[in-house]
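Please look over the sequence and the fold before reading on.

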Amino acid sequence: MTTGAERQLLESALDRNRAELVNTVRGLSDTDARRRYVASMTTPIGLLKHAAVAERIWFEHILGGVPKCACGGGTTAGDTSFVVDNGEAVADVIAEFESASQRSRTIAAEFDLDDIRTHPHLGDVNLRFIYLLAIEDFARHAGHGDILREQIEHPRPAEQ
């Protein structure tokens, strides 16, 4: 979508970035999705796990007022949000992220862009801010995922 009302454009941009995040892991083996090419906890599957946590924190907890313990999955930000249990397959984490995204859409539909909620560290935030934050975060992580996927699919020959 390239034209329309502000809310339509924000939701469309967020959904595009959600889809791009999923595309960075779709079709990878569980082993490849867990490969680490950087010093941090970042892996393709970890990026998607982290994004599911962000969906729950921002849309369920902050916007919707759902207690963290009732959000239907992890809500701990930071490095631990990138950790994927050994028993979780790529398909499981995709399903988790898509479910969290759908809950976010459902919750957001009940609010106007200017409706204000209070974040414990940032203070007052509105839905517009949450959309923009998620768009920025997911676009950045989709870019990280693209680079990781390229490293997986086209490894550089060992330097001599």
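The questions below concern a predicted model and take up aromatic rings, a pocket, cysteines and one glutamine.

Q: How are the rings of phenylalanine 59 and tyrosine 131 arranged: stacked, edge-to-face or tilted?
A: The ring centres are 6.0 Å apart, and a pair needs centres within 6.5 Å. The planes meet at 50 degrees, while stacked requires under 30 degrees and edge-to-face over 60. The pair is therefore tilted.

Q: How many residues apart are phenylalanine 59 and tyrosine 131?
A: Phenylalanine 59 belongs to helix 3 (residues 44–63). Tyrosine 131 belongs to helix 5 (residues 127–153).

Q: Is phenylalanine 59 buried or exposed?
A: The cut-off for buried is under 20% relative accessible area. Phenylalanine 59 has a relative accessibility of 1%. It counts as buried.

Q: Which ring does the charged end of arginine 18 sit over?
A: A charge of this kind has to be within 6 Å of the ring centre. The charged end of arginine 18 is 5.9 Å from the centre of the ring in question. That ring belongs to phenylalanine 59.

Q: Which elements give two or more residues to the lining of the largest pocket?
A: The largest pocket has a volume of about 240 Å³. Its lining has 16 residues, and the closest to the centre are His50, Ala54, Trp58, Leu133 and Asp137. The elements that give two or more residues to this lining are helix 3 and helix 5.

Q: How many disulfides does the structure hold?
A: The closest cysteine sulfur to that of cysteine 69 is in cysteine 71, at 7.9 Å. A disulfide needs the sulfur atoms within 2.5 Å, so this distance is too far for a bond. Cysteine 69 is exposed at 78% relative accessibility, whereas cysteine 71 is buried at 1%. The number of disulfides is zero.

Q: What distance separates the C-alpha atoms of glutamine 102 and aspartate 112?
A: Glutamine 102 lies in helix 4 (residues 90–108) and is partly exposed, with 42% relative accessibility. Aspartate 112 is 10 residues apart from glutamine 102 along the chain. Their C-alpha atoms are separated by 18 Å.

Note on methods
Residues numbered from 1 in each chain as written. Predicted model: local features only at pLDDT ≥ 70, side-chain atom pairs only at ≥ 80, totals over all residues. Heavy atoms only, no water. Helix = DSSP H or I, 4+ residues; strand = E, 2+ residues; numbered from the N terminus. Buried < 20%, exposed > 50% of the residue type's maximum accessible area, 1.4 Å probe, protein only. Lys NZ or Arg CZ within 6 Å of the ring centre and 35° of its normal. 1 Å grid on protein atoms, 1.4 Å probe; cavity = no way out; pocket = protein on both sides within 12 Å on 5 of 7 lines; lining within 4 Å. Points joined across faces, edges and corners; volume = space filled by probe spheres on them.
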